[in-house]
Amino acid sequence: MGIERVLNAFWFCIGVAAIVNAVGLGLFGPEGPGSGLFPFLAGSIVAAGGLFLLLRRRDSEEPLNWPRGSAAWRVLGVVIGLAVMAISLDHIGFVAAGIITMILLLRAVERASWVSAIALS
């Protein structure tokens, strides 16, 4: 089993876990949609995509095209930026976390200067 199939199974399992969690939150309430409806829909899309990719027939095994060089640093910058926002949200609030994340993303992905990154944030 190749790494691609393992990753597709991973996304299917993540989607199913989101669906199970969403059902526990409740899909509908007395006043309309419940707090679990959006996670249920998102989990369904992720699970369906993972299942589709897992079951599709491949004619040839192509090697995965992992990012290399500067592209890998950009991917790492996005991951770090999102992690910083997720960790800092409870401590410094949404606005401050959003500004810091935006600066990190503009520097990592867009290669903006410090001045323009701060000005845009």
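Q: Which residue just after H1 takes a positive phi?
A: Gly-26 does, with a phi of about 100°. The model is a predicted one: local features need pLDDT of at least 70, side-chain atom pairs count only at pLDDT 80 or more, and totals for chains, interfaces and linings use all residues. Residues are numbered from 1 along each chain as its sequence is written, and side-chain values use heavy atoms, with hydrogens and water left out.

Q: What is the phi of Arg-111, and what kind of residue is it in?
A: Phi is near 60° there, a positive value in a residue other than glycine. Most residues other than glycine have a negative phi. Arg-111 sits in the loop between H4 and helix H5 (114-120). Helices here are DSSP runs of H or I with at least four residues, numbered from the N terminus.

Q: How do you know that the span of H1 agrees with its number of residues?
A: Take the rule first: the expected span is 1.5 Å times one less than the number of residues. H1 has 23 residues, so it should span 33 Å. Its end C-alpha atoms are 33 Å apart, which agrees.

Q: Why is Asn-8 called buried?
A: Buried means under 20% relative accessible area, exposed means over 50%, and partly exposed is in between (1.4 Å probe, protein chains only). Asn-8 has 7% relative accessibility, so it counts as buried. Its place is in helix H1.

Q: Which residues does Asn-8 touch, not counting those up to four places away in sequence?
A: Asn-8 touches Gly-50, Leu-53 and Leu-54. Contact means heavy atoms within 4.5 Å.

Q: Which residues of H1 are buried, and what covers them?
A: The buried residues are Asn-8, Gly-15 and Ala-22. What covers them includes H2.

Q: Why is the pair of Phe-10 and Trp-11 called edge-to-face?
A: Rings of Phe, Tyr and Trp (its six-membered ring) pair if their centres lie within 6.5 Å; planes under 30 degrees apart count as stacked, over 60 as edge-to-face and the rest as tilted. By this rule the count is one aromatic pair. The ring centres of Phe-10 and Trp-11 are 5.2 Å apart and the planes are at 70°, so the pair is edge-to-face. Phe-10 is partly exposed at 43%, and Trp-11 is partly exposed at 44%.

Q: What makes Glu-4 and Arg-56 a salt bridge?
A: The rule asks for a side-chain nitrogen of Lys or Arg within 4 Å of a carboxyl oxygen of Asp or Glu. The closest N and O atoms of Glu-4 and Arg-56 are 3.4 Å apart, and the two form a salt bridge. The pair links distant parts of the chain, 52 residues apart: Glu-4 is in helix H1 (residues 3-25), and Arg-56 is in the loop between helix H2 (37-55) and helix H3 (70-92). The count comes to one salt bridge. Arg-56 is partly exposed, at 32%.

Q: Why are H3 and H4 called roughly antiparallel?
A: Axes are lines fitted to C-alpha atoms, for helices over the stretch in contact, and angles run from 0 to 180 degrees between N-to-C directions. Angles under 35 degrees count as roughly parallel, over 145 as roughly antiparallel, 65 to 115 as roughly perpendicular and the rest as oblique. H3 and helix H4 (residues 94-108) pack at about 170°, with their axes 8 Å apart. The two helices are therefore roughly antiparallel. Residues making the contact include Gly-77 and Gly-81 of H3, and Ala-97 and Gly-98 of H4.

Q: How do you know that Ile-118 is exposed?
A: Its relative accessible area is 52%, so Ile-118 is exposed. Ile-118 lies in helix H5.
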